[in-house]
2 protein chains.
Amino acid sequence: MTKVASALIPQEVVIKVTRVFCQTVLHTVSARPLRSAILRLIPRTALLPWLSSRAVSVSEWPLLSSPPRDYSLPNPSWSTEMRRLYEYYDSLCEKEMEGGEKKPGGWGRLPSYNRTLKYAAGGKCLSKLLKEKARLFTRNTEEQGAAFEYVVFMNKSEKRCVCIFQAGHLLEGPPGNVHGGAIATIIDTSLGTLAGYLSGIVMTANLNINYCSPIPLGSVVLIDSVLDKVEGRKTFVSCQVTSSDGSKLHTEATGLFISINVGHLFGG
Amino acid sequence: MTKVASALIPQEVVIKVTRVFCQTVLHTVSARPLRSAILRLIPRTALLPWLSSRAVSVSEWPLLSSPPRDYSLPNPSWSTEMRRLYEYYDSLCEKEMEGGEKKPGGWGRLPSYNRTLKYAAGGKCLSKLLKEKARLFTRNTEEQGAAFEYVVFMNKSEKRCVCIFQAGHLLEGPPGNVHGGAIATIIDTSLGTLAGYLSGIVMTANLNINYCSPIPLGSVVLIDSVLDKVEGRKTFVSCQVTSSDGSKLHTEATGLFISINVGHLFGG
């Protein structure tokens, strides 16, 4: 399952072994204690990238014939304001210039897929094998502009990320405004992305959200998240959700994320 | 716009007046101060039912030719466990028996529609006029079983409600488990329904959520919500999310909801 193995073993054999492995462990074996026991036998290094809920890049893998669709790139549903903000942060990103030189920039855009499995090496193939119909909650709608349109830019040195979010018509709560749960969702996504980027595999342990003013459907807001502190396995982060020009505070929140091991996800 | 008016004025005139009114106030008039000023001229009693985000019954209205689809009734996607729990709480509900007598029962099932506007008198018609494509975040998927399947039962005397929730495959966060934002969403829905039932029109002011153990996709959980206290415009509620047999605590949360006036939703 590693690059070394795939270089020595024919690709179709790797595919078959992967399929049998996945079906056996996570589908056929329904008894949770047995499933957990099998998972404990697998080297953590092999499973970690597949199970990272907020990893930040797609690794190369022989089974990955083409990269999955990146939902965080501009599409025709993006408003002028959404594009303007995207272009602003994109201009601050580190980029390779002619002659191989790198243009300095403290920021980087994070890709975004419709399953967290797809962030990892071999994730596209794995995604077909494991609960194929499952979709990441924030990327479960194919219709562009209908639900969550967002892109996250990360600044590693500042331990900060900014999420540009355009709220589609399927996110309604009170008439004409975004549902409190949808706001919580984009906050969990932003804070979790930052915590995961800084601390590895994490899961949400606490969210404390203050809703200050409603967010109208169709509007674009910024979620600006920062690291507060790290204490052992605990990563504390916080964010503000503001209007796109920063003049109006819509929501503010704190989040606590816990570094986990693989077995936790499977009831171990 | 009242029943008296509709009895005196031909229905097509009522429809036309309603359409012109809505288009003028909420679409054509884009300047927020002007829109708010117009909204302030309208009697609150006329707008309140349309704008209640968590009202509990569909009132009769001459324009309402047929009731909207009630998403909280059983459908083929419901698992055996979901149906068992539904039937248990349904058996505790007050019901009319033969001869017009009422079978006592402290519980009542709440209907659920794909827009909050549809809860109100004339809401189905209004929904077509105002942001027609908008959908309630928790009811925006037509495919049964794919996203949020839930039903809320209310016990008014105990100031408590129970939400039975089956998590579909479109709600994924960490591989195989429900997204923290989807859990926050069903918590906001449950707590907000209780607060709204007890205190009228409310909006979420704070959610504080502790995530204790992941919820596997496809599983059925119970969200048991109670009133803690009411202080002026503030309604304090809390809930626990447990496995369907109550043995495992998945999540616990507190919520603060503020009673609002209509203008707040429109930036007034």
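"Buried" here means under 20% relative accessible area, "exposed" over 50%, and "partly exposed" in between (1.4 Å probe, protein chains only). We're looking at a predicted model, where local features need pLDDT of at least 70, side-chain atom pairs count only at pLDDT 80 or more, and totals for chains, interfaces and linings use all residues. Residues are numbered from 1 along each chain as its sequence is written, chains are lettered from A in the order written, and side-chain values use heavy atoms, leaving out hydrogens and water.

**View 1. Glu142(A) and Arg69(A) join up in a salt bridge.** A salt bridge is a side-chain nitrogen of Lys or Arg within 4 Å of a carboxyl oxygen of Asp or Glu; here N to O is 3.5 Å. The partners sit 73 residues apart, Glu142(A) in the loop between α6 and β4, Arg69(A) in the loop between α4 and α5. Helices (H or I, at least four residues) and strands (E, at least two) are DSSP runs, numbered from the N terminus. Arg69(A) is partly exposed, at 36%.

**View 2. Asp70(A) pairs with Arg109(A).** Their closest N and O atoms are 3.0 Å apart. Asp70(A) belongs to the α4–α5 loop and Arg109(A) to strand β3, 39 residues apart. Asp70(A) counts as buried at 16%, while Arg109(A) is partly exposed at 25%.

**View 3. Over in chain B, Glu81(B) bridges to Arg84(B).** Both lie in helix α5, 3 residues apart, or about one turn.
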